[in-house]
Amino acid sequence: MIQSLTAEKLTVQRGSRRLVENLSFTVKAGQALSLEGANGAGKTSLLRLIAGLLPAGAGSVTLHEGDTEISEPEERGKYVGWLGHHDALKASFTVSEQLAFFSKLYGREGDEIALLGQVGLSRQAELPCRYLSAGQRRRLALARLLASRRPLWLLDEPFAALDTVGKALVARLIALHCGEGGLVIAATHESLGLSNETLRLGNAVLKL
Amino acid sequence: MFDWLFRYANPARFMGLSGALLPWLWSAALLTLATALYLGFSAPPDYQQGRTVLILFIHVPAAIMATNVYACMVVASLFSLINRHILADVAARTAAPLGAIFTLLALITGSLWGKPMWGTWWVWDGRLTSTLVQFFLYLGYIALWNAIEDETRAARICAVLALVGAVNIPIIKFSVDWWATLHQGESIMSGNLAGPFLVPFLVMMLFYMLLFVCLWLTRIRTLILERRLRSLMGAA
Amino acid sequence: MTPFLALLTRDLRLSVREGGGAVLALGFFALVATLVPLGVGPDLNLLAKMGGGILWVGAALAALLSLDRLFQADYEDGSLDLIALSPLSLEGAAFAKIAAHWLSTGLPLTLLSPILSVFFGLSGSAVIALTMSLAIGTPAVSAVGAIGASLTLSLRRGGLILPLIVLPLLVPAVMFGAGMVLEAQTGLTNGAVGFLAAFSLAASLLSPFVAAQGVRLNLAG
C-alpha cells in the first residue's frame with residue numbers, strides 16, 4: 001500500500017516548452033488532489049509526468065510504500081490507475097471483451113460482471129463499443145480503472161462527457177477509493193465533491 | 001572523458017570558436033582544392049583509362065565521405081541520446097543532407113565513369129549498390145526529421161534511426177557483396193589509384209574532408225542563429 | 001493468462017476484425033504477383049528466373065502495408081498509455097505486437113506464396129525454398145518494421161515515411177531470401193539459409209528493445 005506521493009521541485013516540460021516550474025506537493029493515502037488551470041497550463045503533462053510517461057525536466061516524484069521509495073518512472077507507472085482523455089476502446093470489441101482484455105493485461109481476472117454493474121453497463125455487456133454513447137464509453141473506462149486495482153489514480157477530466165448521474169458516480173468512486181486508502185490526482189474544472197486539496201497550475205497557487 | 005568537448009558544446013562558445021575558425025578552414029579547403037586539381041591534371045593519363053581516371057578523383061573521396069559523414073551523424077546521435085545536448089541534435093540533423101549530397105555525387109560520378117568504362121550508366125556492382133542503399137538511408141532519416149514537428153523529439157527519434165542504420169550498414173555491405181559475387185559480378189570499381197595518382201588523390205580526399213567540416217559548421221551555425229532569431233521573435 | 005498473451009491475442013483478434021489487415025496484405029501480395037507477369041510478359045522461363053525475387057519483394061511490401069498501424073492505432077485512442085502502465089514492460093509489449101503481426105501477416109503470406117509461385121512457373125524445389133525462406137525471413141520484416149512503426153507512431157503521414165525508413169534496412173533479408181530460391185534453382189550452395197536465419201533471429205531479438213525505446217520517446221512527446 002502506498003502511504004504518500006511527494007513531488008519535489010518539478011519542472012514539467014513538453015518538447016522544448018516549459019509548462020510548470022519548481023512545483024512541490026504531497027498527497028497522502030486517502031487524499032484526493034485536484035489540478036486546476038487553464039487549457040495548456042500543463043495539467044495533462046503533469047499527470048503524464050507523475051505516471052512516468054513523461055520525463056521530468058527537473059525534480060522528482062516519489063512514492064512511499066513502507067520503507068521503500070519508488071521514484072524510477074517506469075516502476076512508478078506500475079502503481080498507476082490511468083483514466084486519460086481518450087477512452088482507449090476498440091470499435092469492434094464488445095464491452096465485456098474490452099474489459100476482460102485490460103483485466104488480463106493488468107494481471108487481474110474475474111469480476112468483470114460485477115464491475116460493469118458498478119458503472120451501470122450490465123445491459124451493454126455484449127454490445128460492440130462502436131455503439132456506445134460518449135457517456136457509456138466513459139463509464140467503461142471507469143470500469144477499467146477499477147479493474148486495474150491500482151493505488152494511485154490519475155484522472156484526466158474524469159467528469160467529461162458524463163451526465164449528472166455519471167458525475168455523481170465518479171465522485172462516489174473517488175470517495176470510495178480514498179476511503180480504501182487510495183490516492184487520487186485529478187485534472188478537472190469541477191469539484192471532486194470531497195474536502196480535497198486543489199493545486200492550481202499556471203499561477204502557481206497551492207490551496208490547502 | 002568528454003569534458004573538453006562539453007566546454008565547447010555551449011552554443012555561445014561554439015559560435016565564437018567556429019566563427020573564428022571558419023575563414024581559415026575555408027581558405028585551407030580552397031588551397032587543397034587548387035593543389036589537388038593541379039596535381040591531378042599534371043599527372044600522366046592512365047594507360048588504360050586515359051583522362052577519365054580524373055573522375056575517380058571526384059568519385060572515390062565522395063564515396064568515402066558517404067560513409068564518413070554517416071559516422072559523424074551516428075556519433076552526434078549518440079551524444080544527442082545520452083547527453084541530450086542541443087548542439088548534438090543540430091549536428092546530427094545538419095550532417096544528413098551533406099552526407100546525402102556526397103552520396104549522390106558518388107553515384108553520379110560513378111555512373112559518369114562507368115559509361116566509358118563499361119558502356120552502361122549503371123552496373124549492379126557491390127560498391128555502387130551499397131552506396132545506393134546508403135543514399136536511401138539518408139533520405140529516410142531526412143524525411144523522418146522533417147515529418148516530426150517538435151525539434152527535441154525529432155532529434156531523439158531520428159537518433160534512434162541513425163543508430164539502427166549504423167548497426168545495419170555493415171550487414172547491408174556484407175549482404176550486397178555476397179549478392180554481387182552470387183551473380184558473378186566482379187568488383188570492377190576497384191579503381192586502381194596507386195603510383196602517380198596516389199598523392200593527388202590524398203590531397204583531394206583532404207579537400208573533401210575540409211569542405212565537409214566547413215559546410216557542416218556553417219549549417220550548424222545557421223540553425224543556431226535561426227533558433228535565436230525565433231526566440232527573439234517571441235517563440236515559446 | 002499472462003499480460004503478454006493477453007496483448008498478443010487482442011492484436012490477433014483486431015487484425016481479423018478491424019481493417020482486416022491480414023486479408024488486405026494477402027490481396028496486395030496476390031496483385032503484385034499478377035501485375036508483374038502482366039508487365040513483363042508471359043515468358044515462363046524469364047518469370048521463373050525472377051519469381052523468387054519478385055515474390056520476396058511483394059511479400060515484404062505487403063507486410064509493411066499494415067505495419068504503420070502497429071503502434072499508431074493504440075497511440076491515437078489512448079490504449080498505448082494503458083499498455084505502457086501495465087505490468088508488461090514496453091519491450092514485452094513490442095515483442096507481443098511483433099509476434100501478433102507476424103502471425104496475422106507474415107505467416108499467411110508465407111502460406112500463400114506456393115500458390116502464387118505457380119504464376120511464375122517455379123520448380124518444385126524452388127517453391128519449397130521460397131516458402132521456407134519466407135517462413136524464416138518474414139519475422140525479420142515484422143521486427144524491423146516494428147522499429148519503423150515505433151518511430152513514426154505519432155506522425156499523421158507515418159504510413160508514407162515508414163517504407164522509406166524500413167525498406168533500406170530490409171535489403172539483406174530480401175537478398176538472402178531470394179538467394180535461397182536461387183540456390184534451389186542453380187544447385188550451387190551459397191549459404192543464404194544461414195545468413196537469413198541469423199539476420200531474422202538477430203532482428204527479432206533486438207528490435208523489441210529498439211521499438212520500446214521509440215514508443216517511450218513518442219509517449220514522452
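A: Contact means heavy atoms within 4.5 Å, and by that rule 29 residues of chain C are in contact with 29 residues of chain A. This is a predicted model, in which local features need pLDDT of at least 70 and side-chain atom pairs count only at pLDDT 80 or more, while totals for chains, interfaces and linings use all residues. Residues are numbered from 1 along each chain as its sequence is written, chains are lettered from A in the order in which they are written, and side-chain values use heavy atoms, with hydrogens and water left out.

Q: What makes the pair Glu97(A) and Arg13(C) a salt bridge?
A: A salt bridge requires a side-chain nitrogen of Lys or Arg within 4 Å of a carboxyl oxygen of Asp or Glu; the N to O distance between Arg13(C) and Glu97(A) is 3.1 Å, and the pair therefore meets the rule. Across the interface of chain C and chain A, 6 salt bridges are found.

Q: Which elements give two or more residues to the side of chain C that touches chain A?
A: With helices taken as DSSP runs (H or I, at least four residues) and strands likewise (E, at least two), numbered from the N terminus, these elements are helices H1 (3-17), H4 (69-76), H5 (79-84) and H10 (192-219) of chain C. The largest share, 7 residues, comes from H1(C).

Q: What is the area buried between chain C and chain A?
A: Buried area is the accessible area (1.4 Å probe) that two parts lose on being put together, summed over both; for chain C and chain A this is about 2600 Å², of which carbon and sulfur atoms give 56%.

Q: Why does the radius of gyration of chain C agree with that of a compact globule?
A: The radius is taken over C-alpha atoms, and the globule rule is 2.2 Å times the number of residues to the power 0.38. Because that rule gives a value near 17 Å for 221 residues, the 18 Å of chain C agrees with it. Chain C has 10 helices and 0 strands.

Q: Where do the bounds of the domains of chain A lie?
A: The bounds come from an automatic or database domain assignment, which gives domain 1 (1-79 + 150-208) and domain 2 (83-149) of chain A. The contact between them takes 19 residues from domain 1 and 15 residues from domain 2. The count between these domains is 1 salt bridge.
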